[in-house]
Amino acid sequence: MTQSPRPADTSEFLTRRHVILTGIGFLALAACGSHGNAPSNPEDACAIFRERPHYRSALEASERKWGVPVSVQMAIIYQESTFRATARPPKRYTLFIIPKGRASSARGYAQALDGTWDDYRNGPGRAGASRSNIRDATDFIGWYVSTNNKALGISNSDARNSYLAYHEGRGGYRRGSYRNKSWLLSTADGVAQRAARYEAQLAYCQ
């Protein structure tokens, strides 16, 4: 009488499969974490591009499409999120302990507000555009800065006034809402200085 074949021992196979799947999970989490964090040297444009070359292709594509220099886009992103994909305004608290939401709906590389982001997605942006995607974020910045600047008569290479219009919106800039905000004027000066540094660095590393 012939014996039935003995069932294969699946324990070793399952263990190996578990190890493989666990490893893939860790790699996926690491990848997500690296995209959420700032580059190791956000002050140096060349170092940013060496570490994350996809940033360069996204920024250059936006410049070709909208005419906003890479250095200006980078200075705005630095100011808004320090190149952190998942950046959000800090939470607010009542009596220091009770959460009451965040200061605004801004999020992502460009710190775009919900309403402004919806305008972008319903306009030139793709339906599934994400504020944590560098290509979408740079395309948004190019679109928003260039359309503001065209309406306000600001040069796309004027980082200071481009940032003021970016922060205050078209109506706010027209009203001069920034004039009594010394902190914002100082911030805009810093954006202009950083854009100039990035431009000089890019000329060197290119």
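Of the 206 residues of the chain, 39% count as buried. Buried means under 20% relative accessible area, exposed means over 50%, and partly exposed lies in between (1.4 Å probe, protein chains only). The model is predicted: local features need pLDDT of at least 70, side-chain atom pairs count only at pLDDT 80 or more, and totals for chains, interfaces and linings use all residues. Residues are numbered from 1 along each chain as its sequence is written, and side-chain values use heavy atoms, with hydrogens and water left out.

## Overall layout

The chain holds eight helices and two strands. Helices (H or I, at least four residues) and strands (E, at least two) are DSSP runs, numbered from the N terminus. Read from that end, the order is α-α-α-α-β-β-α-α-α-α. Contact means heavy atoms within 4.5 Å. Among contacts between residues at least 6 apart in sequence, 52% join residues at least 24 apart.

## The nonpolar core

A nonpolar core is a set of buried Ala, Val, Leu, Ile, Met, Phe, Trp, Tyr and Cys residues joined through side-chain atoms within 4.5 Å. The largest one here has 44 residues. Met74, Phe140 and Tyr166 have the most contacts inside it. Two or more residues come from each of helix 2 (45-51), helix 3 (53-66), helix 4, helix 5 (114-122), helix 6, helix 7 and helix 8. Helix 6 gives the most, with eight residues. In soluble globular proteins, nonpolar side chains tend to be buried together.

Leaving aside neighbours within four places in sequence, Tyr166 is in contact with Ile76, Glu80, Ala110, Phe140, Ile141, Tyr144, Val145 and Asn148.

Thr116 sits in helix 5. Thr116 is buried, with a relative accessible area of 19%. Not counting residues up to four places away in sequence, Thr116 touches Phe140, Trp143 and Tyr144.

Helix 7 covers residues 159-175. A straight helix of 17 residues would span 24 Å at 1.5 Å a residue, but helix 7 spans only 19 Å between its end C-alpha atoms. The expected span is 1.5 Å times one less than the number of residues.

At the start, a side-chain oxygen of Asp158 reaches to within 3.3 Å of the backbone nitrogen of Arg160. Just after the helix, Gly176 takes a positive phi of about 75 degrees.

## One disulfide

A disulfide is a pair of cysteine sulfur atoms within 2.5 Å. The count comes to one. Cys46 is joined to Cys205, with an S to S distance of 2.3 Å. This pair links distant parts of the chain: Cys46 is in helix 2, Cys205 is in helix 8, and they are 159 residues apart. The link is left-handed, with -90 degrees about the S-S bond. Cys46 counts as buried at 8% relative accessibility, whereas Cys205 counts as partly exposed at 29%.

## Loop residues

Thr82 lies in the loop between helix 4 and strand 1 (91-94). Its phi is near 50 degrees, a positive value in a residue other than glycine. Gln111 belongs to the loop between strand 2 (98-102) and helix 5. Gln111 also has a positive phi, about 50 degrees, although it is not a glycine. Arg107 lies in the loop between strand 2 and helix 5. The C-alpha atoms of Arg107 and Ser81 are separated by 8.4 Å, and the two residues are 26 apart along the chain.

| Residue | Relative accessible area | Class |
|---|---|---|
| Thr82 | 26% | Thr82: partly exposed |
| Gln111 | 13% | Gln111: buried |
| Arg107 | 33% | Arg107: partly exposed |

Terms used
Polar contact = N/O pair within 3.5 Å; in protein donor to acceptor, adjacent residues only side chain to side chain.
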